[in-house]
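Biologist: Please take a close look at one helix-to-helix contact in this model, and then at the aromatic pairs. Plain wording will do.

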Amino acid sequence: MQNRRELLASTAALVASSALIPGESMSASPTLPPSSTIRPPVAKKEPKRIEQLGRVRTDDYAWMKDDNWQKVLRDPSLIKADVKAHLTEENAYTKAMLAKTEPLQKAMFEEMKGRVKEDDASVPAPDGAFEYYTRYNVGAQHPIYARKPRGGGAEEVLLDSDALAKGKAYSEVGAADHSPDHKLFAYAEDAQGSEVFKVFVKDLATGQLLAEPVESSTGDFTFSPDSQWLFWTHRDDNGRPDKIYRRPARGGAKDDVLIYEEADEGYFIGIGRVASDQFLVISAGNNDSSEALIIPASDPTAKPKVVEPRKAGVRYDIEHWDGDFIIRTNVGDAVDFKLVRAPVADPSAKNWKEWVAHRPGTLIVGTTAYQNHFVRLERVNANTRIVVTEKGGAEHPIVMDEEAYVLSLEGGYEFDTPVMRYVYQSPTTPRQWFDYDMAKRTKVLRKTQEIPSGHNPADYVTKRLYAKASDGAEVPITVLMKKGTKLDGSAPLLLYGYGSYGIPMDPSFSIRNFSLVDRGWIWATAHIRGGSEKGWGWFLDGKRFKKKNTFTDFIACAEHLHAAGYGAKGRTVAYGGSAGGLLMGAVTNMRPDLWSGIIGAVPFVDVINTMSDTSLPLTPPEWPEWGNPIEDPEAYDYMLSYSPYDQIAAKPYPAVLATGGLSDPRVTYWEPEKWVAKLRDHTTATNPILLKINMDAGHGGASGRFDFLKEIALDYAFAVWAVEKGWEKA
């Protein structure tokens, strides 16, 4: 199971003709006051004494947490008055301080938007008599979900999510799918940014929505293979997935039947189908252990049956192929996972037979199945490859020859087909969609990501470097820059990192990052421990009592880059979001001298308080990642020793931009709010510390594809402003 805190992974782009060039002025109207005369908000202090495990800490800003935060997530207008007033003041201060960057923000936004094909469409996915796809109208923020007859014919619009969003401050369709018989279409909408979804079902014959949507869902749902039932995951008042229900596909709330309830509040749960459509699967787990339960498609109302009972430290997930279950597991010493086969009649662990052996450093990321082929995705040294296995055992890989790239599988609907779809991209190469005939071993390019404003990969360079960590570990770094960039320390550097939950920062293409790169910046991604770029052991070496490896790896990457002429002290901005915001907070405390600026997007910085608050959605599920400071004194002490909020001291901190969302259930708004207030109170430097809270969104920021780009443009303009010390300019 993948943890849910994360979001922000970087993408990339090319610059439009309106781009500013290095050294170009950011000046705005001469009527703007100098930044030095704008006074920052001063947050009131209400010391709160907290005693825990015989230890005492004081929190001056605990008042910023709204006691009714669960209700605020669903209705942001309920925020208490003093918190709203302070956030409003902080937003006004940030806007005033960054006023001189508004022309740059606008230019960057227009560049990013210029790299987006406004009437873009996905490659249609065939399924039976139809092919399904999404497309955008010019100017639309949200996609249209549609289908056409497979042999050609008129389009049928299943959902216009741009029309759905009209008149709403926030609207995001988190999932959408049709029933296997093609008669129904379901979609999950979050209308607050709080990740509380309603699931709507549409009758495609009449075009009408069924009377009763599913309320309070995680957005996770699936139809039964016979199309008669809808299964969905419930979200409780604390924002956790806790139950799975079944209702008739055309039914309502009165028909709901509870089929599974998770007793462990630390487990995430979900429901789906295997590729063969022979079984429904309930998955439960965290980053330490997992469990799967199966329901046969031939009897969708049957009681779920456990494949193998959960056991501490053992993770597994299942696929169905060639008459057996194929199980990806770390059982035994298979840190980077292996594949085993198990009979459908009794798939328990006593019957698991090794099929693909464990290979240290080669992480089996995931699998999928087709009638005559089985496919696995592997990651080796921060790059990915696809391996195809035929019935009978013959296998062959799909690899590329760039220094840094990523291959990914794009799931389809059809099982009995020799054609698999995959996507190839790199920091310099836009996405390419290929249909690959696994029997003939031939491929057809179906689509190349179009960059309307133009893009020539040959104008850029991608490199893979390695920094040596303090314990000797080799940390990969992916670098993107313009060809001919001088490596003498003069080019400003943006260093991006994440490093948690085993989530890798793949070397992907971004329609955004070129707005810095084309201004002479170097963009670097640090593949630090805590991610899984070098295998699951790379993750294990950056969690719990090894968490500080994540931070020291990032610092080692910065120092290695500087030593090689990629940026320099005073010309480097660090950037990370969510758990990557924890990284930002930690390295800001540990080495404030390295950075001219820090961008902490929805930053998880109040670690000890958050991991001690069991009412928050992600606290119990994430104890395996961080430790439990409520019961374990050693975990408390170690966590406190790096918690960014708690480790703030009298230091010359760099310029900081912290962002958040009022409806965010993953990193609540008060974390960046408290962090900024305390940083501002303790810093011995005059560098500005800014907070921007989106009052109408959650963890992912604005929901529209263009509105979101405006938020990224602000981040990037801040980076330029921080390197140029724009607040010192008249």
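Modeller: Leu104, Gln105, Met108, Phe109, Met112 and Lys113 in α3 meet Phe706, Leu709, Lys710, Ile712, Ala713, Leu714, Tyr716, Ala717 and Val720 in α13, where contact means heavy atoms within 4.5 Å. Sorted by class, this contact has 12 nonpolar, one polar and two charged residues; Ala, Val, Leu, Ile, Met, Phe, Trp, Tyr, Cys and Pro count as nonpolar, Asp, Glu, Lys and Arg as charged, and the others, Gly among them, as polar.

The model is predicted: local features need pLDDT of at least 70, side-chain atom pairs count only at pLDDT 80 or more, and totals for chains, interfaces and linings use all residues. Residues are numbered from 1 along each chain as its sequence is written, and side-chain values use heavy atoms, with hydrogens and water left out.

Helix α3 covers residues 102–114 and helix α13 residues 705–724; their axes come within 8 Å and cross at roughly 130°. Axes are lines fitted to C-alpha atoms, for helices over the stretch in contact, and angles run from 0 to 180 degrees between N-to-C directions. Helices (H or I, at least four residues) and strands (E, at least two) are DSSP runs, numbered from the N terminus. α3 and α13 are therefore oblique to each other, since angles under 35 degrees count as roughly parallel, over 145 as roughly antiparallel, 65 to 115 as roughly perpendicular and the rest as oblique.

Turning to the rings, the whole structure holds 32 aromatic pairs. Rings of Phe, Tyr and Trp (its six-membered ring) pair if their centres lie within 6.5 Å; planes under 30 degrees apart count as stacked, over 60 as edge-to-face and the rest as tilted. Tyr145 and Phe185 form a tilted pair, because their ring centres are 6.2 Å apart and their planes stand at 50°. Tyr145 is in strand β5 (residues 144–149) and Phe185 in strand β8 (residues 184–190), 40 residues apart. Tyr145 counts as buried at 16% relative accessibility, and Phe185 is buried at 3%; buried means under 20% relative accessible area, exposed over 50%, partly exposed in between (1.4 Å probe, protein chains only). The rings of Phe279 and Phe325 have centres 4.9 Å apart and planes at 55°, so this pair is tilted. Phe279 lies in strand β16 (residues 279–285) and Phe325 in strand β20 (residues 324–329), so the pair ties together parts 46 residues apart in sequence. Both Phe279 and Phe325 are buried. Ring pairs also link Tyr145, Phe185, Tyr187 and Phe200 into a cluster.
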